[in-house]
Amino acid sequence: VLGVDPPLELTTHWQRAQLHVDQHDCTPFLVYDQGTLDRLTHELGGSPSQFPGRYRAASAFTRADPAGGNAQWLRSVPMRLYSEPDLVFWQATCPVYQPEDMNAYGATALVACLQQLGNQQARFLATTGKGFVGKHRMPHSWSIVDAVECAEWLQHCLD
């Protein structure tokens, strides 16, 4: 499994987007947050409070479940989750942004859960200063991955 700054727990992802839309506190990401709500509501039939089972079933990870929800099926699968948790960048763009708003928050919890379940092949890789789209800073981008190193890891998994 390879993830580049993925949202893992869809209930949390929906709730975070709803909070920012309701409070209208993060204008640069308002369209993104509304899109998250629209997409999840459409795909899962409603909100997490209406369909909690659907959200759990569609999530890669459920923090409230000691086995991690669907993460339990990954206890023997090699995994790398990349993230660039640059809180300074995010707060410069959106001052109310908090560490738990970043996907890295869930990714570190998932890796810890998998390691407790015995998966010693699960890794969280935090990067610094790699997230760019062209010349613009964007920690939530594929540029945080060292492509050569990642390809070597993928090849090793296939051997």
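A charge is taken to sit over a ring if NZ of Lys or CZ of Arg is within 6 Å of the ring centre and within 35 degrees of the ring normal. By this criterion, Arg 54 lies over the face of Phe 51, at 4.0 Å from the ring centre. Arg 137 is placed over the face of Phe 132, at 5.4 Å from the ring centre. The model is a predicted one, in which local features need pLDDT of at least 70, side-chain atom pairs count only at pLDDT 80 or more, and totals for chains, interfaces and linings use all residues. Residues are numbered from 1 along each chain as its sequence is written, and side-chain values use heavy atoms, with hydrogens and water left out.

Helices (H or I, at least four residues) and strands (E, at least two) are DSSP runs, numbered from the N terminus, and two strands pair if DSSP finds at least two bridges between them. An open sheet of 3 strands has the order β1-β2-β3, with parallel pairing. The edges are formed by β1 (2-4) and β3 (122-126), each with a single partner strand, so one side of each is left without a neighbour in the sheet. Axes are lines fitted to C-alpha atoms, for helices over the stretch in contact, and angles run from 0 to 180 degrees between N-to-C directions. With direction ignored, neighbouring strands of this sheet are turned by 10° against each other on average. Between β1 and β2 (residues 79-83) the parallel pairing extends over 3 bridges, and Gly 3 stands opposite Leu 81 in β2.

Helix α5 lies across β2 and β3, running at about 155° to β3. Helix α6 (residues 147-158) packs on the sheet and touches β1 and β2, its direction making about 165° with that of β2.

The aromatic side chains come next. Rings of Phe, Tyr and Trp (its six-membered ring) pair if their centres lie within 6.5 Å; planes under 30 degrees apart count as stacked, over 60 as edge-to-face and the rest as tilted. The whole structure contains 4 aromatic pairs. In one of them, the rings of Phe 29 and Tyr 97 have their centres 6.4 Å apart and their planes at 45°, so the pair is tilted. Phe 29 lies in the loop between α1 (10-23) and α2 (30-44) and Tyr 97 in the loop between α4 (87-93) and α5 (103-116), so the pair ties together parts that are 68 residues apart in sequence. Trp 90 and Tyr 97 form a stacked pair, 5.4 Å centre to centre with 25° between the planes. One aromatic cluster comprises Phe 29, Phe 89, Trp 90 and Tyr 97. Buried means under 20% relative accessible area, exposed over 50%, and partly exposed in between (1.4 Å probe, protein chains only). Tyr 97 is therefore buried at 13% relative accessibility, as is Trp 90 at 8%.

A disulfide is a pair of cysteine sulfur atoms within 2.5 Å, and the count comes to 1. This disulfide joins Cys 26 to Cys 94, S to S 2.1 Å. Cys 26 is buried, with a relative accessible area of 4%, and Cys 94 is buried at 0%. Cys 150 is in no disulfide; the sulfur of Cys 157 is 9.0 Å from that of Cys 150, its closest cysteine sulfur, too far for a bond. Cys 150 is buried at 5% relative accessible area, whereas Cys 157 is partly exposed at 32%.

Conventions:
Contact means heavy atoms within 4.5 Å.
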